[in-house]
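The exercises below are meant to be worked through with the sequence and the coordinates side by side. Each task is followed by a solution that goes step by step.

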Amino acid sequence: QVQLVESGGGLVQAGGSLRLSCAASGRTFSRYAMAWFRQAPGNEREFVARISWSGGITHYADPVKGRFTISRDNAKNTVYLQMNNLKPEDTAGYYCAAQQKLGTAYEYWGQGTQVTVSS
């Protein structure tokens with residue numbers, strides 16, 4: 001069982017930065033690939049970024065490439081999402097999720113943290 005708790009959201013002006021954190025409970029955190037998703041009101045949830053269990057492989061959705069960076073610290077059971085050059089269209093609830101095996105469903109989800117970018 002893994003419990004995920006996101007933090008770090010807030011209100012920022014366009015062009016600004018935020019760093020989201022996702023703290024995981026449980027000793028098996030390092031076995032899971034981790035990802036960030038986001039969902040804006042009226043929109044479907046969309047993939048943002050993913051990082052392998054070791055941190056060696058990352059993937060990003062096209063809209064955030066070059067602006068967002070996902071990283072993890074397995075010693076701290078935490079995954080991060082550094083978001084730079086934020087745009088109003090990045091406004092959404094951001095959720096972290098844990099995946100045990102590539103191609104399978106994300107098994108665990110956090111409650112989300114809100115990011116609002118003003119123009």
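**Exercise 1. Burial and ring geometry**

Is Phe37 buried or exposed, and what is its relative accessible area? Then determine how the ring of Phe37 is arranged against that of Phe47, bearing in mind that the model is a predicted one.

Solution. Begin with accessibility: the relative accessible area of Phe37 is 10%, and because buried means under 20%, Phe37 is buried. Phe47, by contrast, has a relative accessibility of 30% and therefore counts as partly exposed.

Turn next to the rings. A pair of aromatic rings is described by the distance of the centres and the angle of the planes. The count of aromatic pairs in this model comes to five. For Phe37 and Phe47 the ring centres are 5.8 Å apart and the planes stand at 75°, and since planes over 60 degrees apart count as edge-to-face, this pair is edge-to-face.

**Exercise 2. Rings and charges**

Identify the cluster that ring pairs form around Phe37, and find which charged ends sit over aromatic rings.

**Exercise 3. Tracing a sheet**

Work out the strand order of the open four-stranded sheet, and follow the pairing from S1 through S3 to S8.

Solution. Strands of a sheet pair through backbone hydrogen bonds, either parallel or antiparallel. Here the order is S1-S3-S8-S7, and the pairing is antiparallel. The edges are formed by S1 and strand S7 (68–73), each of which pairs on one side only, and neighbouring strands are turned by 15° against each other on average, direction ignored.

Step along the sheet from S1: four bridges join S1 to S3 (residues 18–24), and six bridges join S3 to S8 (residues 78–83). At the level of residues, Ser7 stands opposite Ser21 in S3, and Ser21 in turn stands opposite Tyr80 in S8.

Last, consider the faces of S1. In a regular strand the side chains alternate between the two faces of the sheet. In S1 (residues 4–7), Leu4 and Glu6 make up the covered face, whereas Val5 and Ser7 make up the uncovered one.

Key
Residues numbered from 1 in each chain as written. Predicted model: local features only at pLDDT ≥ 70, side-chain atom pairs only at ≥ 80, totals over all residues. Heavy atoms only, no water. Buried < 20%, exposed > 50% of the residue type's maximum accessible area, 1.4 Å probe, protein only. Helix = DSSP H or I, 4+ residues; strand = E, 2+ residues; numbered from the N terminus. Pairing = 2+ DSSP bridges. Phe/Tyr/Trp six-rings, centres within 6.5 Å; stacked < 30°, edge-to-face > 60°. Lys NZ or Arg CZ within 6 Å of the ring centre and 35° of its normal. Axes fitted to C-alpha atoms, helices over the stretch in contact; angles between N-to-C directions.
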